[in-house]
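Please look over this model with me.

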Amino acid sequence: MPGTKIAVVQMESKLGKPAQNLRRAEHYIHEAVEQGADLICLPEAFSTSGNILEAADVSVPIPGPETEFLCEQAKQARVHLVAGLLERGDDGKYYSTSVLCGPEGTILGHYRRVHCHELEARYLSGGSEYPVFDVEFGRIGLMQGYDINFPEVAREYCRRGVDLIVCSALVPEMFAYVANMRLPVRAVDAECIVAFASGIGTNLYAGFGYMGRSQILADPLFLEAERFDFVDGDERMVDLGKEPGVGVVEVDLDRMRRYRTKATLSGDLKPATYWQS
């Protein structure tokens, strides 16, 4: 199939303003659609911002009105759409969850963030699975911002053969330097494309801002094989810095899969030597 256009949305979500946040997301979804996006990625907790202190009040059921909004957006635009929500689970627990909606207007699946910072863990529970989703342009895995710190997530998705990891994120600015270092490494670890859609703005309750730097990355060795003019640093195919907006990149996932078949390091793994004691 022709190249796949991937879009990352970078936006500020206001505390206590869910209706406004949905309208803002709708604006950027339309902007991405105008640029021909096949897959659109929104930040973590896009409807509430990172209001985990009030998770019991602001979290939403899945399915629910917020996912109905996302499914309708996906259906109208005939795109795949990923977004992060604070979820109120049927088990009475709260999760930071990413949902994947398809162009038919249905929820194709969701991912409950597995890793929680010790302060988050007072309010949120962690998931336990790394689901993958096969759509017409490839296999998708989902992760969220704090997962970037754990190479095990990227490696698990590599083992499961994903072509693309969508990371909905809301990373505090004080961790931006390290997160930004880890992102290209995760693309190499997973041997696939990473779409990192980040929130910006300030969490007035917590007193810190969010890093932004939404970007779409690939293994630089793949890009070097694809582009005669590749130079180091081009592995970040788009980087939105601190400003709100949409970044779109077209990627030939068929060529990436063929490259990976020849260049993967998975055959040299020694799994019997890892995590043994």
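The numbered points below go through pockets, cavity and surface patch in turn.

1. Ground rules. This is a predicted model, so local features need pLDDT of at least 70, side-chain atom pairs count only at pLDDT 80 or more, and totals for chains, interfaces and linings use all residues. Residues are numbered from 1 along each chain as its sequence is written, and side-chain values use heavy atoms, with hydrogens and water left out.

2. Largest pocket. Its volume is about 740 Å³. It is lined by 32 residues, and the closest to its centre are Ile-52, His-117, Glu-120, Pro-172 and Phe-208. A pocket is an open set of points on a 1 Å grid over the protein atoms alone, with protein on both sides within 12 Å along at least five of seven lines; lining residues have an atom within 4 Å of a point. A volume is the space filled by probe spheres set on the points, which are joined across faces, edges and corners.

3. Its lining. Helix 5 (residues 176-190) gives the largest share, three residues. Helices (H or I, at least four residues) and strands (E, at least two) are DSSP runs, numbered from the N terminus. By class, the lining has 20 nonpolar, seven polar and five charged residues. Here Ala, Val, Leu, Ile, Met, Phe, Trp, Tyr, Cys and Pro count as nonpolar, Asp, Glu, Lys and Arg as charged, and the others, Gly among them, as polar.

4. Second largest pocket. This one has a volume of about 470 Å³. Of its 18 lining residues, Arg-155, Glu-156, Arg-159, Leu-269 and Tyr-274 are the closest to its centre. Helix 4 (residues 151-159) supplies the largest share of the lining, seven residues. The classes are nine nonpolar, three polar and six charged.

5. Cavity. How many cavities of 30 Å³ or more does the structure hold? There is one. A cavity is a set of grid points where a 1.4 Å probe fits but cannot get out. Its lining includes Met-11, Pro-43, Leu-170 and Tyr-210. Strand 1 (4-12) and strand 9 (193-200) each supply at least two lining residues.

6. Surface patch. Leu-53, Tyr-123, Leu-204 and Tyr-205 make a nonpolar patch of about 460 Å². Tyr-123 sits in the loop between strand 5 (107-112) and strand 6 (132-135). Nonpolar side chains (Val, Leu, Ile, Met, Phe, Trp, Tyr) are joined within 5 Å, like charges within 9 Å. Accessible areas come from the Shrake-Rupley method with a 1.4 Å probe; for residues, only the protein chains shown count as cover.

Notes: Patches are made of residues with over 30% relative accessible area and no salt bridge: like charges are joined within 9 Å, nonpolar side chains (Val, Leu, Ile, Met, Phe, Trp, Tyr) within 5 Å. A salt bridge is a side-chain nitrogen of Lys or Arg within 4 Å of a carboxyl oxygen of Asp or Glu.
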